[in-house]
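Welcome! Please take a moment to look over the sequence and the fold before reading on, and then we will walk through them together.

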Amino acid sequence: MSEHLRKAVEDRRDEVVALTQALVRFPTVNPPGDAYGPCAEFIAKRLHRSGYETRLIVAEGEPGHTDRFPRVNVIARREGRAPGKTVHFNSHIDVVEAGHGWSVDPFEGVIRDGKVFGRGTCDMKGGLATSIIAADAFIETFPDYSGAIEISGTVDEESGGYAGVGHLAKQGLFSRPRVDHVIIPEPLNKDRICLGHRGVWWAEIETHGRIAHGSMPFLGDCAVRHMGAVLAAFEHDLFPALAARRTDMRVVPDGARASTLNINAIHGGQTDDHTGLPSPNVPDRCAMTIDRRFLLEESLDDVKAEVVAILDRLRRERPGFAYAIRDVMEVLPTMTERDAPVVTAVAAAIEAEFGRAPDYVISPGTYDQKHIARIGHLHDCIAYGPGILDLAHQPDEWIGIDDMVQSAHVMAAAIHGLLTGAAEPA
Ligand SMILES: [Zn+2]
């Protein structure tokens, strides 16, 4: 049986390449969110041919959705002969802008040296194509399977996923009893299982001052200098404390196993897009955007309180210091248990394919698993896919053809394991 499934995957080697190329040729660049409709329709048609019932879901009313750039998602379901568990493969169809430095057309799908090149090959249209042919191979080999297989192509992952997985999750499409196991073929490498991601807190800190003539700054109070004091306090107290805080989560790369803070932007005083000379003013406002990534061992309340404590201390110690702080976005860290069914099924399939146990990792940044955990309350979810993590968002992004085929073996065996309860086809 195992050999039949292997052969059914191998027979689809050319097809996984052609499918990846076809997907890359839709320039689904986000922002603005281009070509979502045609890409989703293409996927729906393709899955319909494999016997899926398909639905296009437009994310009316969600952030990002406009008449000009509609947020169109596709979800497809193929019922087996008898009721049972449902395995769902979710891929985002949006890609980041191509940028500079390409040696090939980023939307052509050029094949060279056993690789398909193009924006989104690795992250993650190659993963989507891989899941489609893996499911096809399973369906051909086990036509009488019980349960159901679902495949979705969703939008806006690169901008938070609110009109994509977030929208579908709100409609119950990522919850039990409809779905039991979710695999997200993000590029985390073909022999690794990604169990989850760190948390995110974006906030805007504003310091306040008093406007005055720039020739007599002593008559005003410079908000930029107050922000300088915030920066100095962060450098002195916060950054060292964060770097010393290590997690038991296996975050890759290793530098992300600590808490991190990025100063995303600082702005005070006159905007730099003015024409002519600036007018001499003491700025009365300065704003800083921070991007704090936190660990499973930290609570969001503690993460916020740590920053607020520094600001409150400055208010006590620094004459005239006044501030405001505003949340911009928050995502809790999530981690699927190592003994969850989807983890053990994919782990067994990786071991069968590569002859060794998988690495278990945590992603430094978030991806759509957050919506599945938080809105769908489904915790049997991982990221597993054929792309190489370091190539995502780079020029000359590519996906290895052998990597897709090997990963399709893993996915097909995992479907078998999850729908029949067997670790792998025997
Ligand atoms: Zn991605």
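Which residues does I388 touch, not counting residues up to four places away in sequence? Leaving out those sequence neighbours, I388 touches C122, P187 and N189. Here, two residues are in contact if their C-beta atoms, placed from the backbone, lie within 7 Å. Before going further, please note that this is a predicted model, in which local features need pLDDT of at least 70 and side-chain atom pairs count only at pLDDT 80 or more, while totals for chains, interfaces and linings use all residues. Residues are numbered from 1 along each chain as its sequence is written.

Back to I388, which is found in the loop between β15 (381–383) and β16. Helices (H or I, at least four residues) and strands (E, at least two) are DSSP runs, numbered from the N terminus. I388 and P187 are 201 residues apart along the chain, yet their C-alpha atoms are separated by 5.4 Å. Is I388 buried, exposed or partly exposed? A residue is buried if 20 or more other C-beta atoms lie within 10 Å of its own, exposed if 12 or fewer, and partly exposed in between, with C-beta atoms placed from the backbone. I388 counts as partly exposed because it has 19 C-beta neighbours inside 10 Å.

Now follow the chain to β16, which belongs to an open sheet of 3 strands in the order β4-β5-β16, with antiparallel pairing. Two strands pair if DSSP finds at least two bridges between them. The edges are taken by β4 (111–112) and β16 (398–400); each has a single partner strand, so one side of each is left without a neighbour in the sheet. Strand β5 (residues 115–117) is joined to β16 by 3 bridges, and K115 stands opposite G400 in β16. Helix α4 (residues 121–141) packs on the sheet, touching β5 and β16, and its direction makes about 45° with that of β16. Helix α10 (residues 401–420) also packs there and touches β5 and β16, at about 55° to the direction of β16. For such angles, axes are lines fitted to C-alpha atoms, for helices over the stretch in contact, and angles run from 0 to 180 degrees between N-to-C directions.

Let us stay with α10 for a moment. The expected span of a helix is 1.5 Å times one less than its number of residues. The 20 residues of α10 should therefore span 28 Å, which agrees with the 29 Å between its end C-alpha atoms. Since 17 of its 20 residues are buried, α10 is largely enclosed by the rest of the structure. After α10 comes G421, whose phi is positive, near 85°.

Strand β2 (residues 72–79) is mostly covered, with 6 of its 8 residues buried. Strand β1 (residues 53–58) pairs with β2 in the antiparallel sense over 6 bridges, and T54 stands opposite A76 in β2. Strand β6 (residues 146–154) also runs antiparallel to β2, joined to it by 6 bridges, with V74 opposite G153 in β6.

Next, step back to see the domains, whose bounds come from an automatic or database domain assignment. That assignment gives domain 1 (2–197 + 333–420) and domain 2 (199–331). Their C-alpha centres lie 37 Å apart. The contact between them takes 8 residues from domain 1 and 12 residues from domain 2. On the domain 1 side, strand β14 (residues 359–363) gives the largest share, 3 residues.

What order do the strands take in the open sheet of 4 strands? The order is β10-β11-β9-β12, and the pairing is antiparallel. The edge strands, β10 (260–268) and β12 (322–331), each pair on one side only, and the twist averages 15° from one strand to the next. Strand β9 (residues 199–208) and strand β11 (residues 285–294) pair over 10 bridges, and W202 stands opposite D291 in β11. Helix α7 (residues 300–317) lies across β9, β11 and β12, running at about 165° to β12. Helix α6 lies across β9, β10 and β11, running at about 175° to β10.

Our last stop is H226, in helix α6 (residues 223–243). H226 counts as buried because it has 24 C-beta neighbours inside 10 Å. Apart from residues up to four places away in sequence, H226 touches T207, G209, C286 and F321.
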